[in-house]
Structure formats: C-alpha cells, structure tokens
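Here is a short report for someone meeting this structure for the first time. Look over the sequence and the model, then read on.

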Amino acid sequence: MALTETENGYSGGDGDENDAIVKTCVLDGFSESAETRALICSLPEAHGDEKQTEIATQKFLLILNRYQEQPRLLDPHLEWMLNLILDFIRNEQSPPSLVHLGFKFLYIISKVRGYKVFMQLLPHEVADLQPVLDLLSRQDPNDLETWETRYMLLLWLSMTCLVPFDLSRLDGRMESDSGKPRDSTMDRILTVAKDYLVVGDTPRYAASVLVSKFMTRPDVQQKRLGDFLDWSLGVISQLKDDSGTNVRILESALQSLAKLFKHGKRDDLSPHAAAVLQCLEQRRLSDSSEAMLKKLSIKLTQRLGLTFLKPRLAAWRYQRGSRSLAANLSMSQSAAVSPDMDTQEQEEDYDIPEQVETVIEHLLVGLKDKETIVRWSAAKGIGRLTGRLPKELADEVVGSVLDCFSFQETDNAWHGGCLALAELGRRGLLLPSRLKDVVPLIIKALIYEEKRGACSVGSNVRDAACYVCWSFARAYEPKELEPFVCEIARALLITAVFDRNVNCRRAASVSSPGTFPHGIDILTAADYYAVGNLNNCYLNISVYIAGFPEYTKAMIDHLVAIKINHWDGAIRELATKALHNLTPQAPDYMATTVLPQLLPLAVGMDRHGRHGAILACGEITHALYKVGLQTDRGLGGELMRPASKSDFCGLIEKLSLAKMPFKNDPLAVVSALSVLCEEFYQTPDGQADSQMQDVLVSQYIEGLQSPQMLTRCGSALALGCLPAFMIHGKLKQILQALQQVCAPTQDGKFPEARRDAVKAVAQVCVKVGVAAHGSPDSTLCPENIGEVYDLLLSGMNDYTTDSRGDVGAWIREAAMSSAMDVTLLVAGSAPEILSPDLVKPMMCCLAQQAAEKIDRYRAHAGNIFLRLLHSSEPAVPHIPHREELLSIFPVESAGSLNWTAPSQAYPHIAQLLGLPEYQYHTLLGLTVSVGGVTESTVQFSSHSLFNYVKSIQEDGAALGQFGETLLRILRGNLRNDRVSIPFLKMLSQMLANNCFEIFTTQEDHPLCVELLALCKEIKKSKSFPKLKACLSVFCGLVQFQGDVRKKVLSQLLLLLCAPSPQVRKTAASEMYEMFLTYDDVADPDVLEDVMASLSDTNW
C-alpha cells in the first residue's frame, strides 16, 4: 500500500506562491493480504469464544473499511478470501457458530465491495443449489444474531437458481420417505423468497434480488410469474402503511417488483405491466407519508413505463462525438452525429401505448414531491423514458418539466425540475434548440431562495442548478453553448462567490463551462477549497474576479439587488463590505447608478433592506472618498456629484422622519461618535466647541438615568467614546455620573448598563491620561484616582443574579479589564500616585476571582493577575508578596498555565492561602468552588485546599489563622446564600477529611464553639439546601471533645423534630452515618437501639 499524506496548509518562503496543499489518502493495493489470510484461518479457533469472535470481527471490519472508497482494490483477492471461508461453511464437521461467523465475514466483504459484484463470485453449479436451499430452509428468520447468514444464503441462492436446466429435473422423487408429497424445488425457492420478503431485517433486500433472478427464468416465468404478481399486488393493495411492519412488507413487495421489471424480459412482463400500473394508481402511494414507499412507487412506475416502450436509443438525440475513442480520433472535425433518414422514418411509425402518458404524469408529479429521494428517482425516470420517445413527444415532456420553474411552484418543484433537466442534458435529450428557454430558468434557479420563518429554503435548488450547468458543459459542443456562455459564467461565479451555503459555492466552482472568459485564471483563484471560506469569498476572491470587466457590474448588481436585503444579517454586512472593496473597480458606476438605487431603499419599508442599504451607502461613500484621494478627486468632486450633498442630507432627514431605531442599537452608533466629534465639534486650535460639548455631555449623563436599558447602555458607551478634548473640563461630572450608574441596585436591574459604565470609566481615564499634579476635572490625578478604584473594586464584587443567571459576571469581567487598563496607564505615567491602599485590594479581588468556579471568568482574572504581576514596562508598584508570587507563578511558565482547566489552576491558587494578605480573598473564592456542583471544579479545588490544610497541620499558629479566616468568611456571609451554602459544604468536607484533627483533641476548642454558634444562626433558615448543609456540619462537629459535643447533639435532635418531613428524614440519615463514623459519640450499650430507631422509623 502506498499512502500519500500531506498537511493542509500553505507553502511559505519569500517569492514562493502560496498554494493550498490538499490532504489526500490514496491506496494502491490491498496491503493487508497476509494479515487477512491469517485472520480468516484463525476462525475455527476463535468461533467458540465470544470475546475472540468479537476481536476477529472488529479486526476484519477495520481492515476492509479502509477500502470503502476504493473497493476495486479488493477484486484480485476476493476469490481466495471467498474460498477460504466457504471451506469452513461446506465442511459438515463445522459447528453452527463457525458457519455463522463465516457468513458474517462474507457479509462484510459484500458490504464493502458491493453485493452486485461479490455475488457473481459465489459458486453457482448445479450441485450447490440443493445444499444452499436446505441450509437456508433450516435457518430461523427470527434469530437476530444470524441475519448475515440468511442474507448471504439468499444472495447465494440468487446465483445458484440460474442453473441452465429446468428445475423440475432436479426434483427426483416427489414423495418423501413417509409417503407425503414433497414440494418441488421451484416451489421451495418461491416459498423462501416470499417468506423473507416479509421479514423486518436486512435479508428482505436479498430476497428481492432472489425474486428478480428467479422469476426471470423461462420455466419459472411460465409457471409461477402470474401467481407471484398476484401475491405481490394483493400485498400492495390490501396492506395499509399505518404500522412499521406493514411498511416494511410494502417496501419489500415494491422493491422486488421494481427489480423484476428491471431484469426481466420485456416480452414476458409486458402482458402484466398494465395490471401492475393499475394497482399502483388505485393504491395512491404518492400520498403516503413514508418516503421510501413513494420512492419505490416512482421507481416501479418508471420501470413499467420502460416496459411499455421498446428498448432503443432515440435517433434524434444530441450526440457529442462518439462513445468510441477510435471513432473520435478518426473524425476530421467534432460535430454532432446526425441520424439517417431511414431511422427517422422508422421512428415516426412507432406507436406509443396510452399507459405511457399515465407513467409520465406520475413521474412529473414525483418531481414536485417533498422528499429528495423521490424527486431524484422521478428525474432519472424522466430521462430514461424520454430517451425512448419520438422527438415530438419528448419535446412535450421537456415542456412539462420547464413548467416546474414557476414562482407559483414550491422549492421542491424547482429542485425536481433541475434534476430532470440535468438528466435530460447529460443523455443528449435536451436539444440545443431548447437552450434559449432553459438557460434563463437555470440562471434564476442559481439564485433561488425563499424565506421561511427564521431561515430560508432553496440551497438544494441552487445546488441542483449547478449540476445542470455541469451536465450542459459536458454534453454540448462549445459552439452550442457559445451564445449563453457569458451569461452562465456570470451566474455560476456569483453563486461560487456569494452563495451563503458552502456546498452551493463548491458545486458552482466545479460546474463552470470550460470556455467561459478568463476561465483558467478564475478557477485557479476560486477553486473548490478556496470558496470554502465565506469571508474570503466576499472580501478577496470577489475583488479578483471583478477585476475582469465581463463580471464587474454583474457582481455589483447581484449584491445590490439580492444580498444587501438578505434575511441573514451577517450576509448583509459582508455584502456591504464587498461593495466597499469592489468600488475601486467601477467607481463611476457606483456613484452614478448604485448610490441612487440605495438611497430610496435606505428609507423603505423593508427593515432588512433599510439596514443593508444604510450600511452599503456608508461603505460605498467611504470607498469613493478613498478613490478620490488616490485620483486627486475629493469627496465633493465629480464622483460624488450624482449623489450630491442634498441627497445625503435628504437621507438623514428621511431616516429621522422614519423614526429609525438607532437609539435601540447603541453599539452601531457610538463607533462613529468619536469621528463625528473630531470632524465637526473641534475648533482649529484643538479645543472642543463649548456649546456642543455642554449639550452632548449633558445629554449622555441624563441618558444614564433613563428607564430604558438600551438608552443607559448607549449613553455609557457614548461617554467612553468621546475624544479627550470633549472630556476636558467635564471629567469630574462624567465620573460622578458613571459612578451612580455602577452602584448595584436592590432589584438588580440594568446589569448591561453597569457593565458598559465600568468599561466607559477605563475608556475615559485612558483618553484623558494621568498627571500627578493635574486638575481632577481634566485628568486622572491623586484627587480622583481613589474614586475610580473604588468604582472598579465595587464592580469586581458585583454578584447580581436574575432569570438569566449570574449577570454580575459581565460586570466583574468588565471591571477586571478596566482595572488592568487603568493600573498599567497610571504605572506607566505617574506610578507615584498608585498607593498600596489601591493596589492591594485590587490584587486581592483578582485573586478571589481567579479562585472562583466559572472557567471563563477565572481564566480572565488569572491572566490579568499575571499580567500585572509580570509587567516590567511599566512595573506595577506595591504588589503584596511580589517575590512569593513570582515563585508561585514564574514568568517563564505563565504562558503555559491554562486557567480554564481546574486541574492546572487550583494547585497554584491554593498556594496563595499561605500569604496573609491574600488568604481571605483566596479562601472566599475557593469556597464557592469547593462547595459548587461542577464535578471537575469541586474535585480539583477541594483536593488543592485539603493539601494546603494538611501541609500546615503541624503549624498550630498557621492552622489557627486559617480557622480565623474561615470564621471571618462565615460571619460576613451568614445571610448570603451564594457564599454560606457552599461554605457549609466545604466545611463539611474539611471536617470529614480530618483537616482539624489536632483541634479535636482539645476540649471545647474556640474554633468549634464559634462554628457551632454561627451554625445555630443558620439553623433558623427555612431554606432546605441550607439546612441540609448545616446538618452535615453539625455531624462533622461532633468529633470535637467537651461540652460542645453535647450542644451539637442537642441541635441535631432539634432538627430531628423539625416540622418539615424532608428535614427530619435528612437529619436521621445524616445522624445514622455519623454514628457509624464516630462510634465513640454514644454509649455502646444504647448505640444499637439508637441506630435501629434512626433506620426503622418512618421520618
């Protein structure tokens, strides 16, 4: 086996062309021949062991599945593999398990190579017929473990039944030893076929193959064909498709009939075709809800139609050259082959049965079915039948197919029509005279799209239209397509570059006719892989293609007419950016034609069109301005005269009158505010227009108190986007307003506004800069820096929740980023105003956030913590325990630490517990992680915490300090369920892991006494999760000695008598486990009775 593998990438190097190297995997032979032979030979040893059987089967599957894409490589080896396996099967000494295993291996080979090829290799001598039939008769059709055996036996029987002798000669004596008449071989085979047609598993497909082979024998056809057709038609007409069993039986009957009419002789089957068609019409399977039934009905219908028509090639069909390479080479020039007059005259004399019209009608209806497989089968049937019709009737069929391309029809009809046209085209049945009617419809199909709810349909239509173009390019001589080649090329390239669906773009890129203008250059740039990236298509490939004048205006017109009002906002935005990039290719056309078209759309009724037109106007205007700079023609020059200033002023006026909802989309507006102020509100000396400054700042400060959330957000973002000269003299006023917005409210409203206000604080500070001796109304200085840090620290501790969850996380994330920006700004410009009282709480809050449970915000905090710690230019002063921190987080390993992975983050974070300045905040963050619900977070955070506590077991002072920190956290958060419940869970785990073992030997240790007092306060809560966590803590505190144990037990007994049955039941369960764990708590004499009462009482 030769395996070629190259990585998908781009070749580098100066001067080298960047070519996409496609990863390929091509096999050139069956390299596992020896391994496969050994595996097959080992089956007699493996079959008795279920484990070994499974291993052997999986190995065989693994080997052969590699050749699914190139099964022809197996052909030289199929015979010896088949012979090896058949040796086991034919051996009378082989146990049934080995026989079944052999057939399973045969099925695997058949599946990979295809049953049509593989079944021809099966032995089909006369001597094989009876043994195969006998073995198949002994199988249990209901055994789900051996269906492969039955499947392969049916295929084998399909070959052996073709022996060239009358089957009656194989019957011998027709009486059995008991004197009862035996069934003939013919009847036995027919019975087996019928039995397996109605089973529910895979062998029914092999049974339909058996029917198609067996019923076409001359002797069987004479004696049993009529009976079998009667049985099949009875099944079809009587069974309803209202259950899975009935559906499977109907599928088998239809499948067997379709194969029978495919392989049987026309003269034998034509007398029965009308009856079968009549049964199908009466059954009306086209109305069924089962896709497979409809598909098989269409398939059988087309086979009936082919039976009605004589098998012949239409003499009138269009032929490009000859099927013979020698004939093509001998022709002096390429030309369509013309039929002789005798053939044409003979064609005119051919009578068409009236049933053909019914068949074609059913196929045309099938083209509009909602199921793709039904439409595809109908399209192939249209192609096959049309090839046997006279020219005039065939043209009528083509006309009926073209009727599918009406805008009153659904997307299903358009898709089916495209498939039918492709089939007709590639078979030469669509004459060149029809191209003038077909090409415009295909061009419409290439851009077909219908909005349905929140999405659209039509991608399958566009893909099928590309298939039509592909078939035309290979079916017709270039001279036939010459009048349409430019039109088709434009439509295909537009689809290849601008279609939303990647499959359609790729289909269009490989479907283009080979003679279209600049074809090689364009297809090199827009190949199958290049068009896979949508952004690359819109922003890069489109510019290259538009560089050829044949395609420039067509691409621009398509974007303006179709894409800027597309239902997908991302497509609208990409389309406008593409127009920006295409403007230099046709600036005059953009100014004189496109902009006048866009201005009315910008104030139209369609909201998608308004959005796209407004974006497009801005992008094109900006692009024209840049073109004007390059060509020494300014914005007011000749390029913009067609869209004069009055037009744009009119646009602004109409947008205002139309009450465009810009105020509801602040992000779309504030990005332009800074540029607007610099352009229109700045005096020549660089100062702000005082009147406009007062108006804007007052307006945005007032908007911060609006009852509308979006207005608050927009006002905060606008203040953050103001240029420095607009903030000068107003800084104090702006900071005070932002500080009021950032203050959390009791109802937790407007979290988005608080987030944007926190962002705006940092933006404003960065804009105005830092000055150690500056004015607090114009710059960041010692007088106002404390207010800024208080605001940011408040944001880092915002834990607001609402129906969406922890929305305070948005504010915390923004506050951490803002704190980093402000700190680095001050450290770089005036580090002397950064006092320890500012840096210490900031670093502690960051440590707390880096220890919490949400991966995203933990990673954000951790990265900012390390950025400030490792920053050298500028260096952040007054960071507590800087040296110890650098030993925990070395600079060289900072990039490799994955903060989102609990297994990596918490071992480092837990080490901060040993630093006094960070212990409280780090333990507070770890509390919600250890007491959380995410398994990985709880596992690694608790493990790191317990490791730290055990490391200080011998240090009484350190452990005592740790206990005081625990008490401090609990005191401060008794009524804060966000902290208290996880704290109790964490404390319960610590007690269970003997983290305070040295304290338990001391009677009435202060830590236990204080914890008991605090837990008694928590016990007053009515929250069950809180009471349950408190119960676990009480049960853990019982390990402490002294009077405190009695007090703990009394609290547990009170909970055992609680009004809530849920609390009582939990208390009993916890106490039962407690007595099992701490057997010294109760007197051994009464312990057994206590345990019995706890376990037997219905609490």
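Beyond its neighbours within four places in sequence, Val-199 touches Pro-141 and Arg-204. Is Val-199 buried or exposed? Its relative accessible area is 11%, and the cut-off for burial is under 20%, so Val-199 counts as buried. Arg-248 is 49 residues away from Val-199 along the chain, yet their C-alpha atoms are separated by 7.7 Å.

The model is predicted.

**The whole protein**

The protein has 1099 residues, and 50% of them count as buried. Its secondary structure comprises 54 helices and two strands. The exposed surface comes to about 51700 Å², with 51% of it supplied by carbon and sulfur atoms. Take the contacts between residues at least 6 apart in sequence: 70% of these join residues at least 24 apart.

| Helix pair | Axis separation | Crossing angle |
|---|---|---|
| α9 and α11 (residues 218-238) | 12 Å apart | about 30 degrees |
| α12 (residues 244-263) and α14 (residues 291-308) | within 9 Å | roughly 25 degrees |
| α39 (residues 785-796) and α41 (residues 836-850) | within 10 Å | roughly 15 degrees |

Angles under 35 degrees count as roughly parallel, so α9 and α11 are roughly parallel to each other. Their crossing is right-handed. On the α9 side, the contact uses Met-186, Asp-187, Leu-190, Lys-194 and Leu-197. On the α11 side, it uses Asp-219, Val-220, Lys-223, Arg-224, Phe-228 and Trp-231. By class, this contact has six nonpolar and five charged residues, with no polar ones.

Next come α12 and α14. Their axes cross at roughly 25 degrees, and the two helices are therefore roughly parallel to each other. The crossing is left-handed. Which residues of α12 meet α14? They are Val-247, Leu-250, Glu-251, Leu-254, Gln-255, Leu-257, Ala-258, Phe-261 and Lys-262. From α14 come Met-292, Leu-293, Leu-296, Ser-297, Lys-299, Leu-300, Arg-303, Leu-304 and Thr-307. The contact of α12 with α14 has 11 nonpolar, three polar and four charged residues.

The last pair is α39 and α41. The axes of α39 and α41 cross at roughly 15 degrees. That makes α39 roughly parallel to α41. Here the crossing is left-handed. From α39, Ile-785, Gly-786, Tyr-789, Leu-793 and Met-796 take part. They meet Leu-838, Pro-841, Met-842, Cys-845, Leu-846 and Gln-849 in α41. How many charged residues does this contact have? It has no charged residues, alongside nine nonpolar and two polar ones.

**A residue in a helix**

Glu-619 lies in α31 (residues 607-630). Its relative accessibility is 24%, so Glu-619 counts as partly exposed. What does Glu-619 contact, leaving aside its neighbours within four places in sequence? The partners are Thr-576, Lys-577 and His-580. Of these, His-580 lies 39 residues from Glu-619 in sequence, but the two are 5.1 Å apart in space, C-alpha to C-alpha.

Terms used. Residues numbered from 1 in each chain as written. Predicted model: local features only at pLDDT ≥ 70, side-chain atom pairs only at ≥ 80, totals over all residues. Heavy atoms only, no water. Axes fitted to C-alpha atoms, helices over the stretch in contact; angles between N-to-C directions. Helix = DSSP H or I, 4+ residues; strand = E, 2+ residues; numbered from the N terminus. Parallel < 35°, antiparallel > 145°, perpendicular 65-115°, else oblique. Left-handed = near helix turned anticlockwise from the far one by under 90°. Contact = heavy atoms within 4.5 Å. Nonpolar A, V, L, I, M, F, W, Y, C, P; charged D, E, K, R; others polar. Buried < 20%, exposed > 50% of the residue type's maximum accessible area, 1.4 Å probe, protein only. Areas by Shrake-Rupley, 256 points an atom, 1.4 Å probe, with all protein chains shown as cover.
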